[in-house]
Amino acid sequence: MSVYAIQPADHPLRRALADEVHARPPAPVTVPAAVSCLALFEVDADTVFDHVAQLALRFAVEPPVGGGHAIVELPDVRVKWERHGEFSSLTFVRPLRDPRPLAELVEFPTALEALPADWLAALPGRTVAAADIVLLPAGDEGSAPRWEQVQRWFLRDAMAGSSVLDEAALVFTDFVLPEDSGRTRWLVLDRHGMSRAQTARVVQRIIEIEIYRMTALLAFPLARAAFPELNRIEQRLAEITAATAALHGRGEPRQTQDEERRLLDELTRVASEVERSVAATSFRFSAGQAYWDIVQSRVREFREQRIGDLRTLGGFLSRRLAPAMNSCAAAARRQEELSARIERASALLRTRVDVAREEQNQQLLAAMERRGKIALRLQQTVEGLSVAALTYYLVGLVGYGVKPLKQVFPALNTDWVVAASIPVLAFVVWRAVGRLRHKLMDD
């Protein structure tokens with residue numbers, strides 16, 4: 001019995017997590033070669049995969065199996081499809097069967113030449129990044145060719161390059177989209193005969209730098225559009241805060257309370273605008289930061305060394321791309337700070353409104369207490385009058401009752417009898433009314 005058979009059952013995600021580190025293996029590349037990459041947005045990854053499967057059937061090649069990535073080996077080109085979080089990428093690797101020296105190249109090679117034009121035109125989605133990468137030997141001496149041979153493929157003022165991987169290769173680019181192709185150009189010169197695996201990693205890093213720098217920049221237009229709106233909201237918040245401070249010490253409580261409610265409503269409206277801005281940009285800002293971190297990581301993995309006075313890839317990206325990403329981070333921070341400031345201002349106004357409401361409640365309770373006391377006094381007065389009225393009525397009945405007795409007892413003074421009954425009847429009535437009042441209050 002194997003050890004695996006007796007170990008505890010696997011976690012449901014164990015196999016998927018273990019395979020994740022192999023989800024995007026670099027496509028093997030042998031120098032000399034031309035590599036092209038495309039990143040497609042606004043399309044489902046399965047739709048792009050189906051398009052790749054149709055290409056395989058077109059060349060009578062076995063269609064790939066779906067998953068996180070797939071590779072199709074065509075007669076003249078290798079096609080690699082990858083599924084990413086919000087886009088799909090295609091990598092095309094074409095060996096240069098009859099490579100020419102760099103000085104004799106008439107056109108910048110591209111792997112897309114080996115693909116059917118109608119198939120390329122029918123690719124779904126929108127291209128957010130595209131690049132042509134040409135890998136050539138540096139020369140017999142293992143050094144770079146003359147500068148004019150390299151510079152003629154790039155915009156001189158934007159050109160960047162460096163010696164990478166402990167001087168194993170030279171990498172050049174200008175990050176510019178030429179009008180004729182619309183694909184960024186990268187030139188890799190192998191100085192010491194890199195292995196296929198090492199070459200594949202170089203190409204993979206270049207592709208990731210190219211794609212992720214563009215996807216990171218997708219956040220910049222949102223940040224640029226958000227700044228004027230945030231400025232307007234900050235100005236409005238400052239006005240509301242100043243108006244709130246001006247309410248201290250004002251007379252006319254009714255007008256003050258109405259102004260507090262109006263300002264609170266205005267703050268609620270401003271808070272909803274900030275939340276709408278956050279909802280529209282938070283994902284793109286966080287994704288842009290994640291993509292920018294990947295770009296910086298891939299540049300560090302190159303272990304660049306400067307070539308003369310030529311700017312390095314990392315230096316170029318830091319000067320040109322870092323300010324845009326810092327703007328995105330600043331916009332995200334301003335949104336968070338605005339939300340916090342609005343929350344504090346709202347809490348202050350709510351406190352003022354609650355205090356005013358408590359004062360109104362206390363005044364209302366005091367008025368109710370005064371009315372209660374008045375009602376109690378009126379009730380006591382009415383009870384006294386009731387006792388007097390009932391006593392007067394009962395004394396009258398007693399007077400009527402004792403008058404006939406004078407015929408039987410001539411010596412009997414009926415007036416004294418009536419007078420003697422007054423305190424007795426008054427006490428009895430007072431006790432009866434008191435008991436009735438206590439009973440009603442208990443109920």
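Predicted model: local features only at pLDDT ≥ 70, side-chain atom pairs only at ≥ 80, totals over all residues.
Let's call a residue buried when its relative accessible area is under 20%.

Start with the overall layout. The protein chain has 12 helices and 8 strands. Take the contacts between residues at least 6 apart in sequence, and 71% of them join residues at least 24 apart.

Now for the inside. In soluble globular proteins, nonpolar side chains tend to be buried together. Here, the largest nonpolar core has 44 residues, and I133, W186 and L317 have the most contacts inside it. Helix α6, running over residues 196–217, gives the most to this core, with 8 residues. Apart from this core lies another one of 23 residues, including A45, L55, W81 and L115.

Leaving out residues up to four places away in sequence, L317 touches F175, I209, R213, W292, V295, V299 and A322.

Next, the aromatics. A search of the whole structure turns up 9 aromatic pairs. One of them is formed by F92 and W119, and you'd describe it as edge-to-face: the centres are 6.3 Å apart, with 90 degrees between the planes. This pair links distant parts of the chain, since F92 sits in strand β4 and W119 in helix α4, 27 residues apart. Elsewhere on the aromatic tour, ring pairs link F41, F87, Y212 and Y291 into a cluster.

Finally, have a look at a polar residue, T110. You'll find T110 in the loop between β4 (88–95) and α4 (117–121). Is T110 buried or exposed? With a relative accessible area of 7%, T110 falls under the 20% cut-off, so it is buried. What does its side chain pair up with in a polar contact? The partner is the side chain of D132, at 2.9 Å. Not counting residues up to four places away in sequence, T110 touches A34, S36, R94, D132 and R183.

How values were computed. Residues numbered from 1 in each chain as written. Heavy atoms only, no water. Core = buried A, V, L, I, M, F, W, Y, C linked by side-chain atoms within 4.5 Å. Buried < 20%, exposed > 50% of the residue type's maximum accessible area, 1.4 Å probe, protein only. Helix = DSSP H or I, 4+ residues; strand = E, 2+ residues; numbered from the N terminus. Contact = heavy atoms within 4.5 Å. Polar contact = N/O pair within 3.5 Å; in protein donor to acceptor, adjacent residues only side chain to side chain. Phe/Tyr/Trp six-rings, centres within 6.5 Å; stacked < 30°, edge-to-face > 60°.
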